[in-house]
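Biologist: I would like to learn how to read the inside of a helical model. Please take me through one example.

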Amino acid sequence: MNQTTKGQYGLGRITFKAHFAEIQQEIEAGYPLTQIYEKRKDKLGIAYTQFTRYVGKYISREDVNKPNAETPLSNEQSTKTEARPSKYISATVTPKKGLNDPTPLADSELF
């Protein structure tokens with residue numbers, strides 16, 4: 001484990017903030033975080049996990065994912081309110097007759 005002196009504590013955060021604008025532009029352009037980190041690894045002086053923490057803390061997803069003014073949402077995207085189907089079976093569904101059902105099957109239900 002690295003032993004940092006009091007003068008070096010927080011230096012990684014400061015260097016991250018110095019490169020903040022460039023990092024944010026690359027994220028908005030769609031570059032993967034690993035590629036952005038590898039490009040600046042020596043300059044930042046922090047581990048990749050710390051880099052991802054700083055990205056999560058200082059660069060919000062709303063800033064990255066918000067649509068540009070030139071490309072408004074289509075009507076279909078903005079009004080989509082359809083709910084996902086439930087993964088649970090409704091209590092009102094009656095199960096089919098099976099092997100353990102004591103009621104006899106009708107002729108039409110046989111193979």
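Modeller: What follows goes from the whole chain to its core and then to one helix. The model is a predicted one.

Biologist: How many helices and strands are there in the protein chain?

Modeller: There are six helices and zero strands. Buried residues account for 16% of the 111 residues.

Biologist: Which residues make up the largest nonpolar core?

Modeller: The general idea comes before the case. In soluble globular proteins, nonpolar side chains tend to be buried together. Here the largest nonpolar core has 11 residues: Phe 16, Ile 23, Ile 27, Ile 36, Tyr 37, Leu 44, Ile 46, Phe 51, Tyr 54, Val 55 and Ile 59. At least two residues of this core come from each of α2 (20-29), α3 (33-44) and α4 (48-58).

Biologist: What is Phe 16 in contact with, leaving aside neighbours within four places in sequence?

Modeller: Phe 16 is in contact with Ile 23, Leu 44, Phe 51, Tyr 54, Val 55 and Tyr 58.

Biologist: How far apart are the end C-alpha atoms of α3?

Modeller: They are only 14 Å apart, whereas a straight helix of 12 residues would reach 16 Å at 1.5 Å a residue. After α3 comes Gly 45, with a positive phi near 70°.

Terms used:
Residues numbered from 1 in each chain as written. Predicted model: local features only at pLDDT ≥ 70, side-chain atom pairs only at ≥ 80, totals over all residues. Heavy atoms only, no water. Core = buried A, V, L, I, M, F, W, Y, C linked by side-chain atoms within 4.5 Å. Buried < 20%, exposed > 50% of the residue type's maximum accessible area, 1.4 Å probe, protein only. Helix = DSSP H or I, 4+ residues; strand = E, 2+ residues; numbered from the N terminus. Contact = heavy atoms within 4.5 Å. Expected span 1.5 Å × (residues − 1).
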